[in-house]
Amino acid sequence: MREIDALGGEMGRNIDKTFIQMRMLNTGKGPAVHALRAQADKFLYQQTMKETIEKQERLTLRQGLVEDLIVVDGVCQGVITKTGAEYGAKTVVMTTGTYLRGKVIMGELMYESGPNNQQPSVKLSEALTRLGFQLARFKTGTPPRVHEDTIDFSKTEIQPGDDKPKYFSYETEYMAHSEQQLPCWLTYTSEETHQIINDNLHRAPMFSGLIEGTGPRYCPSIEDKIVRFADKPKHQIFLEPEGRNTKEYYVQGLSTSMPEDVQLSILRSIPGLEKVEMMRTGYAIEYDAVVPTQLWPSLETKVVPNLFTAGQINGTSGYEEAAGQGIMAGINAARKAQGREPVLIDRSKGYIGVMIDDLVTKGTNEPYRLLTSRAEYRLLLRHDNADLRLTPTGYEIGLISEARYHKFIEKKERVEAEIARLKETKFRPDEAVQTMLLPPDPLRCKTQSTGLRFCGVRS
């Protein structure tokens, strides 16, 4: 997310406007793995992003279901919608999410659908096959949603946001709503939960053979967790509000495709949810993806020139992974339309570069998640230095304003000046330094908690 913002993307600014909780994760570890996490007001986020798109100069928004591509002499030159409307284009970016021949699965129930019962894109998948693309079949899932008024929060642990939250965008200075954050809540599965799941495995689509697609290894369903980690007595469950103006709570950690009656039994076996009412059932969704080794590092397809793909169609899982590909595919599609060379991010310069390089060179046989362990330069690719790594690129390609770039240059100069000062500063073992390094005085440690010294060491 920070890298997207450093390049000039919108996502960081939008979440800063609409978050309901902001929290820095992994603070007990080194700075290389510190990660900012936002809980969004789901509905406000969508509205605010749509408003941003509608107000963007030189951008025209059209809404329709694309069913085919206009390909002339092997080159993509536009799209055709379900209504027969044709839109010509020098380049096309295709970001189908989980809609490409999407199929919802819940127990014995199966039907063609995109997420939230929206229309799936079936004919587009057929068009890609006809054009010679090799497709894979993947699966993801979602948990049930429950009603806030039926949760007993006294049996859960509060998970508040940070007192002084940081922001995702380097441009954000202060947001008033950061002082009215909503908490999330932590609970756990129980022995009864595990027994209910084990007793109903014959009704679980992923074990009965109804699910064909490969699911994400690092975000397994609750039934998969119980089977794979049978030695674990409990698993974490986070209760997360969907927004400020809704009673709906997202049950994070309970992704499932079990039948509806089993889902309710599972929920009511969890401490704090004994009398819960389910507002929406969880489900699994299968979808088609393009085998990503058919892409150039620019995310242009090798099969059909001038066609770019980004997001879950490239075999990834997760909003952030999709957004990172989206901004790069958009940049490179625009540059190709202008007759310019593509922008490529090296593995040593960004996690986005690691992800794209992994996809186009290694491919993936499961939904890909971007983990710190995938990056050999992860000690350099920190949350706090994304601007130093990528803002010059964003400015060069025209996505960073002059005002923002000047502020960035000022920050960079201050950082460089401080590094130079530290290199030039020498400490010698004189009396003042030796005094500073004296062992702590136990009495002073008990009585003094503030000031220039603390336990004999300068703070």
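1. In which kind of crossing, left-handed or right-handed, does H11 pass H12? The crossing is left-handed. The structure is a predicted model, and the remarks below should be read with that in mind. Two packed helices are described by the angle between their axes and the distance between the axes. For H11 (residues 386–396) and H12 (residues 402–424), the axes come within 11 Å and cross at roughly 145°.

2. The contact between the two helices draws on Asp387, Leu388, Thr391, Pro392 and Tyr395 from H11, and on Glu402, Tyr405, Phe408, Lys411 and Lys412 from H12. Sorted by class, this contact has five nonpolar, one polar and four charged residues. An α-helix has 3.6 residues a turn, so residues three or four places apart point the same way.

3. H11 has several buried residues, namely Ala386, Asp387, Arg389, Leu390, Thr391 and Gly394. H1 and H12 are among the elements that cover them. Gly398 follows H11 and has a positive phi, near 95°.

4. In H12, the buried residues are Arg404, Tyr405 and Phe408. These pack against H11 and also against helix H1 (2–7) and helix H2 (11–18). The length of H12 can be checked: its 23 residues, at 1.5 Å a residue, should span 33 Å, and the C-alpha atoms at its ends are 33 Å apart, so the two values agree.

5. In soluble globular proteins, nonpolar side chains tend to be buried together. Here the largest nonpolar core has 31 residues, and Leu7, Met328 and Ile352 have the most contacts inside it. At least two residues of this core come from each of H1, H2, strand S1 (19–25), helix H3 (42–55), helix H9 (319–337), helix H10 (351–362) and H11. The biggest contribution is that of H9, with six residues.

6. Which residues is Met328 in contact with, leaving aside its neighbours within four places in sequence? They are Leu7, Ser298, Leu299, Val343, Ile345, Ile352 and Ile356. There is also a second, separate core of 22 residues, with Val146, Val251, Val262 and Val276 among them.

7. Two residues deserve a look for their backbone angles. Most residues other than glycine have a negative phi, and most peptide bonds are trans. Leu299 is not a glycine, yet its phi is positive, about 75°. Leu299 lies in the loop between strand S16 (283–290) and strand S17 (307–309). With a relative accessible area of 0%, Leu299 is buried, and Leu299 is one of the residues in contact with Met328.

8. Asn117 is the other case: its phi is positive too, near 60°, and Asn117 is not a glycine. Asn117 sits in the loop between strand S8 (109–112) and helix H4 (123–130). Is Asn117 buried or exposed? The relative accessibility of Asn117 is 58%, so Asn117 counts as exposed.

9. Lys225 belongs to helix H7 (residues 222–228). Despite its charged class, Lys225 counts as buried because its relative accessibility is 14%, which is under the 20% cut-off. Beyond its neighbours within four places in sequence, Lys225 is in contact with Pro220, His235 and Gly253. Lys225 and Gln325 are 100 residues apart along the chain, and their C-alpha atoms are separated by 29 Å.

10. Tyr174 is in the loop between strand S11 (157–159) and strand S12 (184–188). Outside the four places on either side in sequence, Tyr174 is in contact with Tyr167 and Glu179. Tyr174 and Lys17 are 157 residues apart in sequence, while their C-alpha atoms are 9.8 Å apart in space.

11. Ser348 is placed in the loop between H9 and H10. Its relative accessible area is 24%, so Ser348 is partly exposed. Not counting residues up to four places away in sequence, Ser348 touches Tyr377 and Leu381.

12. Leu438 is in the loop between helix H13 (431–436) and helix H14 (442–447). Leu438 counts as partly exposed because its relative accessibility is 47%. From Leu438 to Asn116, 322 residues apart along the chain, the C-alpha separation is 64 Å.

Note on methods. Residues numbered from 1 in each chain as written. Predicted model: local features only at pLDDT ≥ 70, side-chain atom pairs only at ≥ 80, totals over all residues. Heavy atoms only, no water. Axes fitted to C-alpha atoms, helices over the stretch in contact; angles between N-to-C directions. Helix = DSSP H or I, 4+ residues; strand = E, 2+ residues; numbered from the N terminus. Left-handed = near helix turned anticlockwise from the far one by under 90°. Contact = heavy atoms within 4.5 Å. Expected span 1.5 Å × (residues − 1). Buried < 20%, exposed > 50% of the residue type's maximum accessible area, 1.4 Å probe, protein only. Core = buried A, V, L, I, M, F, W, Y, C linked by side-chain atoms within 4.5 Å.
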